[in-house]
Amino acid sequence: MTRTLRNVGIMAHVDAGKTTLTERILFNTGRIHKAGDVHTGNTETDSHALEKKHGITISAAAISCEWRDASITIIDTPGHIDFQIEVERSLRVLDGAIAVFSAVSGVEPQSETVWRQADRFDVARLCFVNKMDQVGADFGRTVRMIADRLGARPIVLQLPVGHEGDFVGVVDLVAMQALRWEGPSPTAGAIPEGMRDAANEGRQRLLETLADQDDAIMAAYIGGEAVEASEVKAAIRKTCIAGRLTPVLCGSAYRNVGVQPLLDAIVDYAPAPSDRPPVAGTNPRTGDVERRLPRPDEPFVALVSKMQTSRFGALAFIRVYAGRVAPGTSVVNAATRKVERIGRLLRMHADSHVEISEASAGDVVAVVGLKSVRAGDTLSDPARPVVLTGFVIPAPVIEAVIEPRSGQDQERLGQALAMMARSDPSLRVAVDRESGQTLLRGMGQLHLQIAVETLKEDFNVDAVIGAPQVAYRAAASQRAVVDHTLRKQSGGPGQMARVRLAFEPLAEGETGLVFVNKIVGGAIPKEFVPSIEKALRQSLLDGGPGGYPVLGLRASLLDGAFHQKDSSGLAFELATREAFRIGFEQAAPILLEPVMRIVVTTPEHYLGGVIGDLQSRRGQVLATEPVARAHDVIAEAPLAELFNYVGALRSLSQGRANFTMAFLRYAPVPKALLGKVLEPA
């Protein structure tokens, strides 16, 4: 019997109600018998002690449930910008997503960020407008914001029955009936008299929108024929999977209103693994692109989305794209060419699990026993290896010195940080070359704070962290060509290597090293080229002004020379390092600082003060928009000016304003501030 599978993520801005919605889904599917609450810290997915303490989702959690004839895997993702890596790698391995919006706040900054992440992975989406029972809830405004801010084409499938505290149900525009909740399950009935005109108009818009996308609906619509609910559902499913339309539903997760229709929508409209196109990867042996269909009889291939420490050892979360795998199977890490053996296969339910005997195409499971894999690696059939595209690991924007309270814990601190960085690739650990101090780099102050608390909670290492510092970066601003020769002779075998390199800026949005080998005619033997690339990558780590890392650079190897006896990989590394030092200086390096997109929600009385304060922080106000009983101030500002912003905003607004911010881009540091940034600490 063929299984009906759905792999979906729940994504949103912080406090939109993702975890509460996940909890109600588990309750309605019978996975749990009592729904927990975020405020009391007893939800299934926020199971870690720090998630209970802070009342937020820190790590994405996978759960499994059954609804109708479908097996559904749901991943509850964090809503805070500091943990965006969790959303990134979750969306990479999912087929669909539920975007949750607060009916009061509408589309918020992190909503836009996760929507763009889903765009990048071509993930089909459904929208759930939550908190319809709260003061200031506005369904229509939220739908308009989905269209205007996200560039989506929403198709409204429901209308709310009642407003704010009187919200009691929805009108289903597909079945043209009202659903009311007076208990845990809805009661279907006639559409209220006062809503019939609005329902008829909504149904008309629904059919018109579908007619633009579906020929069968168009023919029936033009011919004046009645369109059956099954035909409407089929058209919605087709357009949703294709990403042409985005179904919109509404409800109140906290009151369990609208959750069962959302589950129906997941089964009816969200894509199955078989609806997705074949997965494409590169054969590491030939360099050819190969495609695998999402079927169990194809050669095995899976992507590692996450590594996590558990009581079983290291858990690797994988998405199987093709083939099947069982405990004891040998697979190859296609990037490193190391063969690994599958230990145990687990279907996860937050922090608990069920052991399974096999995983096949479409499954999202955890594996015990893999020793040398990292997030983003591909596992495949050793006879048919392939490397899949991974996911983007964001560059840190903040760093701080970290050290143990007790000197005896120094070694344990290093081991614990290494394990944490393996689980969270956006958390970086480095050592300051001058002071020898350990640096912890991350996506924001909360990210670093949670890391320190995790050390204490999970590893029993008590650590202290210094004042956060901005993670400045360097970049080239013009092309430079350097020709450098290394010659050393000390009695025995010498060292000789010559490299001619061109350094160029990268296009906006590109990061890292783009290395291009233009050597022809064997001027440098192929076995020495990896040493040149290795030296360039190492030079990027601290080769900018003031020892700051280089954000991105294109380096082209143009020419060179070698000696039969005196040339070696080490000689070319040393020559390349010196060539980088000379050439990057000639490339007119500039210093870059992280710029944040900040949205301040403030009562109108404090609007002028908020705008003035942002401008005093080198901020650029882009827009102000009215929201429920307040205004949103949308601006860009350097992170360096925002470290004390929480307290300043609280003072400005008597505690009535709040803000969210997300990393936007790197921008040049003004010349007037360069001296301050580069002066020795």
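Let me start with a definition: two strands pair if DSSP finds at least two bridges between them, and strands (E, at least two residues) and helices (H or I, at least four) are DSSP runs numbered from the N terminus. What we have here is a predicted model, in which local features need pLDDT of at least 70 and side-chain atom pairs count only at pLDDT 80 or more, while totals for chains, interfaces and linings use all residues. Residues are numbered from 1 along each chain as its sequence is written, and side-chain values use heavy atoms, with hydrogens and water left out.

With that in mind, G281 has L388 of β24 as its bridge partner, and β12, residues 279-282, pairs with β24 in the antiparallel sense over two bridges. These strands belong to an open, antiparallel sheet of three, ordered β13-β12-β24, whose edge strands, β13 (289-292) and β24 (387-388), each pair on one side only.

Next comes D82, in the loop between β3 (70-76) and α3 (84-92). D82 is buried, meaning under 20% relative accessible area with a 1.4 Å probe, protein chains only. The side chain of D82 reaches the backbone nitrogen of L446 at 3.2 Å, and a polar atom of that side chain lies 3.0 Å from the backbone nitrogen of H447.

Finally, the structure holds seven aromatic pairs, where rings of Phe, Tyr and Trp (its six-membered ring) pair if their centres lie within 6.5 Å, planes under 30 degrees apart being stacked, over 60 edge-to-face and the rest tilted. One of them, Y472 with Y548, is edge-to-face, at 5.5 Å centre to centre and 65° between the planes.

How values were computed
Buried means under 20% relative accessible area, exposed over 50%, partly exposed in between (1.4 Å probe, protein chains only). Lys and Arg count as positive and Asp and Glu as negative; His and the chain ends are not counted. A salt bridge is a side-chain nitrogen of Lys or Arg within 4 Å of a carboxyl oxygen of Asp or Glu. A polar contact is a pair of N or O atoms within 3.5 Å; within protein, one must be able to donate a hydrogen and the other to accept it, and residues adjacent in sequence count only if both atoms are side-chain atoms.
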